[in-house]
Amino acid sequence: QKEDLSWSSQKKMRKKMAFLVVLAVCPPGVRGEEIRAYVRRHRESTEAVVASVLRSPCDRRFMSADFWGRGLGNSVNTPLNALAFAVATNRTMLLSVDKQYEAGFWRYLGDVRWPRKDRVLDAFRRAGGCARCGCDDDETVRDFFPLSARCLQDDSCGNGVRWLLCDDGLRQETAPFVHVRGAVTWLAHLGGFHLQKDAWGKLYDALVDPQPLVHSGDAASLPLAPVLRRKLGRLSDGLYDLGVHVRHRQYQPVDDIERNAAACVAEAIAAANSRRRTKPVTTVFVATELPSRIPNVVDAIRREVEALKKGGSSSSLTFDFLNVSEVPERDALRRVARTNARAVRRDWGEHAHERWLSAADFYLLASSRLVVGTLSSTFSELAAAAVHRNSRTFLYDPIFQVTGPERSQPQKRKWPADDEYLTDYGPHFKCIRADDDWPLPQYVKLRPSFAAKWKALHCPTTTTEEKKEKKKKDQPATSDMRTP
């Protein structure tokens with residue numbers, strides 16, 4: 001009977017089956033309201049948490065993570081995963097920051113107001129620590145690197161993976177402090193943290209206080225306020241109709257990247273213009289780490305819109321972008337955060353010398369009704385979820401034309417395999433409507449269905465008596481140790 005179905009019907013059926021598999025693995029989703037309630041209960045200054053721990057060291061438990069200051073790349077996923085774990089277990093979130101974070105990149109984007117782990121852990125130890133609270137170890141480190149479907153087969157995953165899958169780590173962990181490392185791809189879904197629509201953006205907003213709206217008085221003191229005000233202030237409602245992020249990765253053909261991005265923009269415009277009671281797309285913001293290529297991107301978009309026919313006329317489109325040479329605050333903005341020379345060498349094509357420009361691009365891209373982003377780019381995915389949470393999101397494959405072994409060469413392409421996405425779109429796709437199928441991000445190292453199958457085969461089953469014995473053994477020696 002399946003053979004009689006059209007290709008599009010089969011595709012819809014695959015999507016539905018994949019969604020049902022996810023629902024079978026994950027419980028009902030966590031909503032934005034729950035995240036906001038968690039923030040109200042747990043987010044305090046470092047000084048306030050330290051004082052609380054010194055008074056009553058056994059009253060709270062904590063989840064911490066490394067927070068690197070490089071920018072809006074994969075490293076942001078580590079604290080986002082830890083925050084998801086903290087919400088799920090009612091532990092207070094802590095951050096362990098590095099020198100790059102202290103260099104100040106995050107001052108461009110907002111404030112990170114979670115307590116610092118080193119000072120809270122020190123306070124716990126000074127207050128008596130495990131000797132007073134009856135725990136074996138004050139801190140457990142869970143490292144998720146490496147993480148992939150293959151690492152499960154050859155038993156090379158980081159200890160955090162087995163802890164999450166086999167040990168029911170989120171619910172059974174007794175250590176007062178749990179520290180997460182190497183979680184650079186979205187994996188909270190493996191622990192049952194299933195996000196409802198738009199909760200991903202709220203999770204990011206909980207981690208980093210976003211910039212206030214540029215029209216509000218609160219934004220006046222922020223470094224990027226004058227730049228954003230000049231751009232968004234002239235728009236009727238402070239939003240672009242469409243924002244596109246064109247990411248040029250090393251070893252990937254530049255012309256192909258831009259052509260695939262432009263084709264996805266044309267498809268998104270056609271879909272938007274076909275909707276009733278929807279304002280036609282006229283204003284387009286282009287974000288890219290290679291400003292010299294913006295004229296090429298604009299030309300490619302115009303060609304694709306005209307070729308698609310359904311997208312309307314390209315003459316109605318007005319393009320905007322950031323030109324650093326025309327920003328009078330440029331020198332002052334460069335002084336807000338120190339530039340790490342080592343990071344500059346490593347961050348090929350990521351605005352390494354103009355880190356403020358990367359942050360401004362992010363905020364302007366996020367201030368769009370439609371976001372067209374690069375597949376497997378955390379920058380694109382976060383921008384699609386932040387600021388304007390009702391953004392309709394499309395993701396394009398910049399190297400769609402590359403297939404087979406050439407696509408999967410890690411040193412040449414650095415590109416995820418086809419099975420490293422939550423939803424099954426088939427073996428290949430050019431441009432997908434991402435926010436319809438799964439809350440962003442799309443890219444994962446391990447699907448829930450794969451994890452569930454591995455867990456059934458490799459995780460030892462525990463009898464009822466063993467569970468009772470383990471619970472008795474894990475019971476703290478003093479009644480002071482409890483989860484709030």
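Contact is defined here as heavy atoms within 4.5 Å, and helices (H or I, at least four residues) and strands (E, at least two) are DSSP runs numbered from the N terminus. The structure is a predicted model, in which local features need pLDDT of at least 70 and side-chain atom pairs count only at pLDDT 80 or more, while totals for chains, interfaces and linings use all residues. Residues are numbered from 1 along each chain as its sequence is written, and side-chain values use heavy atoms, with hydrogens and water left out.

An open sheet of mixed pairing is formed by six strands in the order 7-6-5-8-9-10, where two strands pair if DSSP finds at least two bridges between them. Strand 7 and strand 10 (431–433) each have a single partner strand, so one side of each is left without a neighbour in the sheet. Strand 8 (residues 368–374) runs parallel to strand 9 (residues 392–396), to which five bridges join it; V372 has F394 as its bridge partner in strand 9.

R293 is located in the loop between strand 6 (283–288) and helix 14 (294–308). Its side chain makes a polar contact (a pair of N or O atoms within 3.5 Å; within protein, one must be able to donate a hydrogen and the other to accept it, and residues adjacent in sequence count only if both atoms are side-chain atoms) with the side chain of E258, at 2.7 Å.
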